[in-house]
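This report walks through selected helix contacts and a few single residues. Keep the structure open while reading.

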Amino acid sequence: MDDGRDRNNGSQASEQPERLRRGIGQWLLIFFVVGDIVGAGIYALVGQVGAQVGGAIWVAFLLALILAVFTACSYAELVTKYPRAGGTATYAHNAFKVPFVSFMVAFAVAASSLFSAAALSRAFGGDYLKQFIDVPTVLAALLLIFVVGLINFWGISESVRINVVFTIIEVIGLLLIVLIGIVALSTGSGEPSRAFEFNEGSSVVVAILAGAALSFYALIGFEDSVNVAEETQNPSRIYPRALLGGLLIAGVIYLLVTFTASMVVDTQQLASSTGPLLEVVREGPVPIPTQLFSLIALFAVTNGALINTIMASRVFYGMADQGVMPSIFARVHRGRRTPWVSIVFTILVVMILIATGDIGALARATVLLLLFVFIVVNVSVFVLRRDRVEHQHFRTPSVFPILGILVSLGL
Amino acid sequence: MTQQEGATFLRAGALLLVGLVLWGVNYLVKRILDKRAPEAQR
């Protein structure tokens, strides 16, 4: 079994001393995966997907979930094969040995985080915030990202305990929506048939694919778990279960939420709202204060924007530290010990992106960049099949990476 | 499908172009510094 070290020559990591403690067990890793996936995307995009598909929003999310599983299996193979290697760029480096390809993959990952932060900032400035104060969406988004940048600069340490608290709050919000769905079904106050309706005037297949492409945004985050592979106990055994289990749990929550949304709220009303789940709370049969739910949603999108800006700034810092980006991005503030140049760059780019499009447009750009990354990951699986390691590892069915590539190209 | 909207490609492409420029600048600066280093040693 895996002793935590690669014995092949394809990894430089085997020559490095053990630095991180393998403290993450199966359940904590499942929680980490669920926490990374579940969050702001579902709070912001249910209506946008409804505009693409019609009432059958859950069908688009189901397809997106199936598509995500193909690439998740590829990640599971690479992570369990190279449990000490960190991140997609490293797999690309091992597979292609071309520094420029590794750089562009890493930059695409960071760029997707920038687009995601911009999308979530716009979601913050939408209908959820209007429950408390009426300010222009772009102005609120710019102010939020400025504050997020200050927090990032101040030095936020993401401990597992805090992450658990964040996740619990976000999941509670979604479970409230599921509760509304259960009560609506049992009291007959909803319209379940609406959840099986598709937009008229366009091909159902095209509508579902378009909706799935957007729904994919709400499922991304599962790939972040590769970064903790080195801290996972017996990753060859635990990681695939946790990744696929976490993805399944998040997927089921999403299906229940989207079914409820369609059942309780008219699709046009959902589509025109920037706070679609707030419409569900407002129209639903359970008396939940709309301001309380808005607060949960605002917390979810703020947290998402913060995590994305932290990730992007650290990727830029890491690349500069490795000498593949100008060294100025590796500058660390003496007092705060944070990569201030990378943070300033990140925030300025996000501010520009906020002004370039609505939530849907920014989310689509996020997905597009990640689909490029996923293609590289799926191709890497095949390239690295020639590179054998002595320890046992997860092996995805060969058809999955092929489907992952085809689906990514298709979307 | 939805990704085929020109604006989406334009947005993503523009940001990747920024990355390309940063990579190019870094590459050129490192080459210039590498060339200067032996000259300075002489």
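In α3 of chain A, A:Ile57, A:Val59, A:Ala60, A:Phe61, A:Leu63, A:Ala64, A:Leu65, A:Leu67 and A:Ala68 touch α8 of chain A, where the partners are A:Ile208, A:Gly211, A:Ala212, A:Ser215, A:Phe216 and A:Leu219. By class, 13 residues of the contact of α3(A) with α8(A) are nonpolar, two are polar and none is charged. The model is predicted.

The axes of α3(A) and α8(A), the latter spanning residues 204-219, lie 7 Å apart. The packing angle of this pair is about 65 degrees. The crossing of α3(A) and α8(A) is right-handed.

## The enclosed helix α4

Helix α4 of chain A covers residues 88-96. Eight of its nine residues are buried, so α4(A) is largely enclosed by the rest of the structure. The buried residues are A:Thr88, A:Ala89, A:Thr90, A:Tyr91, A:Ala92, A:His93, A:Asn94 and A:Ala95.

Just after α4(A) comes A:Lys97, with a positive phi of about 55 degrees.

## Helix α12 against α2

Helix α2 of chain A (residues 40-53) crosses α12(A) at roughly 110 degrees. Their axes come within 7 Å. α2(A) and α12(A) are therefore roughly perpendicular to each other, as angles of 65 to 115 degrees count as such.

On the α2(A) side, the contact uses A:Ala40, A:Tyr43 and A:Ala44. On the α12(A) side, it uses A:Ala297, A:Ala300, A:Val301 and A:Gly304. The contact of α2(A) with α12(A) has six nonpolar residues, one polar residue and no charged ones.

## Helix α12 against α6

Helix α12 of chain A runs over residues 290-321 and also packs with α6(A). Here the angle is about 55 degrees, and the axes are 10 Å apart. α6(A) and α12(A) are therefore oblique to each other. Their crossing is right-handed.

From α6(A), the contact draws on A:Leu144, A:Ile145, A:Val148, A:Gly149, A:Ile151 and A:Asn152. From α12(A), it draws on A:Thr302, A:Ala305, A:Leu306, A:Thr309, A:Ile310 and A:Ser313. Seven residues in the contact of α6(A) with α12(A) are nonpolar, five are polar and none is charged.

## A:Leu139 on α6

A:Leu139 sits in helix α6 of chain A, which spans residues 137-154. Is A:Leu139 buried or exposed? It is exposed, because 11 other C-beta atoms lie within 10 Å, and 12 or fewer count as exposed.

A:Arg122 is 17 residues from A:Leu139 in sequence. In space, the C-alpha atoms of A:Leu139 and A:Arg122 are 9.1 Å apart.

Chain B has one helix and zero strands. It has 42 residues, of which 19% count as buried.

Note on methods: Residues numbered from 1 in each chain as written. Chains lettered and ligands numbered in written order. Predicted model: local features only at pLDDT ≥ 70, side-chain atom pairs only at ≥ 80, totals over all residues. Helix = DSSP H or I, 4+ residues; strand = E, 2+ residues; numbered from the N terminus. Buried ≥ 20, exposed ≤ 12 C-beta atoms within 10 Å, placed from the backbone. Axes fitted to C-alpha atoms, helices over the stretch in contact; angles between N-to-C directions. Parallel < 35°, antiparallel > 145°, perpendicular 65-115°, else oblique. Left-handed = near helix turned anticlockwise from the far one by under 90°. Contact = placed C-beta atoms within 7 Å. Nonpolar A, V, L, I, M, F, W, Y, C, P; charged D, E, K, R; others polar.
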